[in-house]
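Please go through it with the structure open.

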Amino acid sequence: MAIDAATVRKVAKLARLREPEERLASLAQELNGIMSWIEQLSEVDTDGVEPMTSVVAVKLPLREDVVTEGGDASRVLSNAPKAIDGFFVVPKVVE
Amino acid sequence: MSALTKLTLKAAIDGLKSKAFSAVEITKAHIDAIEAARGLNAFVLETPDQALTMAKASDERLARGEGGDLEGAPLGIKDLFCTQGVRSTAASKILGNFIPTYESTVTSKLWGQGAVMLGKLNLDEFAMGSSNETSAFGPVINPWRRAGETTALTPGGSSGGSAAATAADLCLAATATDTGGSIRQPAAFTGTVGIKPTYGRCSRWGIVAFASSLDQAGPIAKTVEDAAIMLRAMSGHDAKDSTSLPVDVPDFASFVGRSVKGLRIGVPKEYRVDGMPPEIEKLWADGIAWLKDAGCDIVEVSLPHTKYALPAYYIVAPAEASSNLARYDGMRYGLRAGGPSLTDVYEQSRAQGFGEEVKRRILIGTYVLSAGYYDAYYLKAQKVRRRIADDFDQAWQTCDALLTPTAPSAAFGLGERSDDPIAMYLNDIFTVTTNLAGLPGLSLPAGLDAQGLPLGLQLIGRALDEGTLFSLAGALEKAAGFTAKADKWW
């Protein structure tokens with residue numbers, strides 16, 4: 001299935017990436033080139049093959065549900081683009 | 001004291017212990033070398049004051065007869081590792097002036113052993129690239145040049161800064177990371193030794209995430225023994241990384257120099273690709289002959305799904321990257337642009353902060369994970385990944401390690417391949433399989449091509465069997481007798 005400008009627009013929106021309208025066609029072409037190269041995976045017989053989600057065969061460890069580190073808002077906020085009174089300042093979320 | 005920068009890590013550690021020179025002296029020698037080599041663009045941030053403070057502390061410990069395994073040794077740190085109080089960028093504009101309030105586990109282990117930080121090393125943006133050309137700071141220049149030419153060559157990527165700085169004697173060794181070949185291909189392009197250990201050997205905590213199921217840290221160093229010393233210091237279980245393996249860390253250096261007699265070396269026939277330069281074919285044949293002379297048995301093996309590794313990688317890695325990079329939203333750290341609406345800030349911050357290759361991979365990743373395509377792409381790629389891992393399991397029935405070339409070419413010119421993403425992706429054709437299977441892979445320099453550029457051989461081992469790789473690499477290093485260095489032009 002070919003990727004067209006409308007698909008790129010939709011995917012860019014999902015990825016929250018602003019792409020100018022005039023870039024969409026060339027991006028579609030680039031992505032088509034990569035995806036059609038990837039299509040060769042359909043040659044591989046994967047019937048009954050368990051998908052590999054991790055190369056580490058161990059079960060993910062659990063730890064006790066306790067606070068290990070925290071209570072230091074100034075460290076958390078130290079790289080904030082904008083902060084006031086111990087809070088992140090973000091654009092208006094609810095109209 | 002420029003001779004101090006020519007030392008191997010091992011010789012430097014020994015010299016510091018015996019007080020032949022001080023940590024401050026060897027650190028100053030490296031700071032001078034870095035200043036004189038700014039044309040290479042290997043460092044994105046130099047930290048000379050911090051280096052001298054750390055070196056002084058090392059000298060005090062050495063004077064008391066104390067000190068760790070790396071006491072006083074000046075190292076370079078890939079700028080993908082978060083360093084407390086020191087700007088960490090992943091070579092991306094989106095992290096802006098990000099100053100971590102914490103230290104990555106790997107670097108904190110190095111400082112715990114007394115190592116000295118010289119600064120942060122350049123890389124492809126978010127480690128996505130094979131030529132260093134995607135860095136927001138501009139590419140690193142390879143210290144190596146073709147004989148009689150001044151064309152600027154790539155040091156490889158993504159750990160191009162780590163490789164170039166080590167090759168040009170700007171640091172004794174460097175940290176690096178490898179998601180599809182980012183330690184081994186730059187090592188091959190610069191005549192250095194690099195190892196990507198078994199997935200889970202080194203903690204990923206505090207390393208900027210690219211593709212979490214593939215990312216592994218490892219060292220780039222001047223010799224096989226140096227790489228072994230570095231890897232030991234970087235490895236170990238960490239409760240802060242749930243995929244970190246709770247296993248003991250061997251003394252890897254003790255494997256270097258051991259006999260390799262009787263080891264069975266697999267030569268995978270699928271790694272003979274069309275268009276491979278005859279010099280790489282020859283180097284591979286030399287490597288096979290050297291290991292045979294050292295008493296190894298050579299066996300031909302088949303890894304039938306090799307050709308599907310890169311296409312599978314270019315689903316898995318972008319999918320994980322699109323998820324990992326969703327955190328860069330302009331709210332809590334890094335670049336914030338656009339406005340006034342929330343969506344506009346998200347979209348503008350990301351559009352302005354990410355470079356073209358990173359955006360391309362986010363788009364691919366978002367596409368393959370989007371509704372209706374997940375099974376066709378992501379699930380399919382995970383199944384192919386299993387097939388690739390099974391190929392290796394099959395191979396281990398008849399051999400103990402594999403020998404292959406590291407990369408399909410020597411270092412190429414900057415700009416020569418940047419127009420065609422797939423041509424660039426093919427750089428990782430021999431290295432990416434081990435990331436998908438989680439296996440250790442080591443690259444060491446073994447010869448020069450007709451134009452005088454270094455070429456690398458790769459050893460691939462069983463999971464957690466880095467020791468065997470170090471023994472084999474030691475034997476190859478001895479047989480190859482590779483001592484060439486780039487002629488200093490910078």
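The radius of gyration is taken here over C-alpha atoms, and the rule for a globule is 2.2 Å times the number of residues to the power 0.38. The model is a predicted one, and by that rule a compact globule of 95 residues would have a radius of gyration near 12 Å, whereas chain A has 23 Å.

**Chain A: outline and elements**

- Taken along the principal axes, the box that the C-alpha atoms of chain A fill is roughly 55 × 45 × 25 Å.
- The secondary structure of chain A consists of three helices and two strands, and along the sequence these elements follow the pattern α-α-α-β-β.

**Chain A: helix 1 and helix 2**

- Helix 1 (residues 5-14) of chain A and helix 2 (residues 24-38) of chain A have axes that come within 8 Å and cross at roughly 90°, which makes helix 1 of chain A roughly perpendicular to helix 2 of chain A.
- From helix 1 of chain A, the residues A:A5, A:T7, A:V8 and A:R9 take part in this contact, and they meet A:L24, A:A25, A:L27, A:A28 and A:L31 in helix 2 of chain A.
- By class, the residues of the contact of helix 1 with helix 2 of chain A are seven nonpolar, one polar and one charged.
- In the loop between helix 1 and helix 2 of chain A lies A:R16, a residue that has a positive phi of about 55° although it is not a glycine.

**The contact between chain A and chain B**

- Chain B gives 54 residues to the contact, and chain A gives 39 residues.
- On the side of chain B that touches chain A, the elements that give two or more residues are helix 9 (309-324), helix 10 (342-353), helix 11 (356-369), helix 12 (374-395) and helix 13 (421-425) of chain B.
- Helix 12 of chain B supplies the largest share of that side, with ten residues.
- The side of chain B that touches chain A divides by class into 28 nonpolar, 15 polar and eleven charged residues.

**Chain B: helix 12**

- Helix 12 of chain B has a kink of about 25°, and this kink is centred on B:K380.
- Because the 22 residues of helix 12 of chain B should span 32 Å at 1.5 Å a residue, the 31 Å between its end C-alpha atoms agrees with that expectation.

**Chain B: helix 8 and helix 15**

- Helix 8 (residues 278-293) and helix 15 (residues 466-480) of chain B pack at an angle of about 110° with their axes 10 Å apart, which makes helix 8 of chain B roughly perpendicular to helix 15 of chain B.
- Helix 8 of chain B brings B:G287, B:W290, B:L291 and B:D293 to the contact, while helix 15 of chain B brings B:L472, B:A475, B:L476, B:A479 and B:A480.
- The contact of helix 8 with helix 15 of chain B has seven nonpolar, one polar and one charged residues.

**Chain B: cis peptide bonds**

- The peptide bond from B:G157 to B:S158 is cis, with omega near 10°, and B:S158 is placed in the loop between strand 3 (116-121) and helix 5 (160-167) of chain B.
- B:G339 and B:P340 are joined by a cis peptide bond with omega about 5°, and B:P340 is in the loop between helix 9 and helix 10 of chain B.

Definitions and conventions:
Residues numbered from 1 in each chain as written. Chains lettered and ligands numbered in written order. Predicted model: local features only at pLDDT ≥ 70, side-chain atom pairs only at ≥ 80, totals over all residues. Contact = placed C-beta atoms within 7 Å. Helix = DSSP H or I, 4+ residues; strand = E, 2+ residues; numbered from the N terminus. Nonpolar A, V, L, I, M, F, W, Y, C, P; charged D, E, K, R; others polar. Axes fitted to C-alpha atoms, helices over the stretch in contact; angles between N-to-C directions. Parallel < 35°, antiparallel > 145°, perpendicular 65-115°, else oblique. Expected span 1.5 Å × (residues − 1). Bend = angle between axes of the 7 residues up to and from the residue.
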